[in-house]
Amino acid sequence: MSDLIAIVYPTETKAEEVRQRLFELQKEYLIQLGDAVIAVKADNGKVKLNQLVNATAAGATSGSFWGLLVGMLFLNPLVGVAVGAASGAIGGALTDVGINDAFMKDLASNLQPGNAALFVLIREMTADKVLKEISSFGGVVLKTSLDETKEQVLRDALQKIA
């Protein structure tokens with residue numbers, strides 16, 4: 001079972017530093033991430049999600065390829081590319097992989113303008129080593145799906161720097 005953790009940082013840059021450190025820890029097999037998204041609340045109150053993969057763009061690219069291939073079979077590759085790109089983009093936009101976008105935007109709407117929340121979906125982790133690595137970045141726990149004991153350990157580790 002995966003665990004969701006959302007941690008608030010004072011800037012998007014700080015949240016990105018933590019996300020990059022988590023990617024490094026994943027290469028060391030200390031954590032297995034399902035998703036890692038940064039939500040930033042702008043001064044105008046809008047929430048922007050900085051996701052790893054743009055599903056709409058990926059779908060359009062994939063659809064263009066398959067559309068070109070099918071279009072060539074029917075001797076009209078340009079129409080095939082256009083139809084394939086459109087259907088791929090629609091399919092990509094409707095595909096929500098990882099953490100639910102509406103859930104993240106709803107939680108991030110409570111942030112102060114300029115703050116960023118790092119949403120991490122963790123499949124597996126060596127908790128003591130990962131906490132040691134990210135505790136130096138600080139942050140405030142916004143929400144978790146961890147049990148109360150593990151959540152308190154996380155809160156304590158992040159507050160050491162604050």
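## A helix across the sheet

Helix H1 lies across strands S1, S2 (31-41), S3 and S4, and its direction is at about 170 degrees to that of S2. Here contact means heavy atoms within 4.5 Å. Axes are lines fitted to C-alpha atoms, for helices over the stretch in contact, with angles running from 0 to 180 degrees between N-to-C directions. Helices (H or I, at least four residues) and strands (E, at least two) are DSSP runs, numbered from the N terminus.

A word on the model itself: it is predicted, so local features need pLDDT of at least 70 and side-chain atom pairs count only at pLDDT 80 or more, while totals for chains, interfaces and linings use all residues. Residues are numbered from 1 along each chain as its sequence is written, and side-chain values use heavy atoms, leaving out hydrogens and water.

## The sheet

Next, the strands. Five of them form an open, antiparallel sheet in the order S3-S2-S4-S1-S5. At the edges are S3 and strand S5 (140-144), each of which pairs on one side only. On average, neighbouring strands are turned by 25 degrees against each other, direction ignored.

Strands count as paired if DSSP finds at least two bridges between them. Strand S1 (residues 3-9) and strand S4 (residues 116-125) pair in the antiparallel sense over seven bridges. If you look at Tyr9, you will find it opposite Ala116 in S4.

## A salt bridge from helix to strand

The whole structure holds four salt bridges. The term stands for a side-chain nitrogen of Lys or Arg within 4 Å of a carboxyl oxygen of Asp or Glu. One of them joins the side chains of Lys48 and Glu12, at 3.7 Å from N to O. This pair links distant parts of the chain, 36 residues apart: Lys48 is in strand S3 (residues 47-50) and Glu12 in helix H1 (residues 12-27).

Lys48 is partly exposed at 48% relative accessible area, and Glu12 is partly exposed at 27%. The cut-offs are under 20% for buried, over 50% for exposed and in between for partly exposed (1.4 Å probe, protein chains only).

## A network around Arg21

Arg21, Glu24 and Glu133 are linked in a network of salt bridges. Arg21 is buried, with 17% relative accessible area, whereas Glu24 is partly exposed at 39%. Their closest N and O atoms are 2.7 Å apart. Both residues lie in H1, three residues apart, so about one helical turn separates them.

Between Arg21 and Glu133 the closest N and O atoms are 2.6 Å apart. Because Arg21 lies in H1 and Glu133 in helix H5 (residues 127-134), this bridge ties together parts that are 112 residues apart in sequence. Glu133 is partly exposed at 29%.
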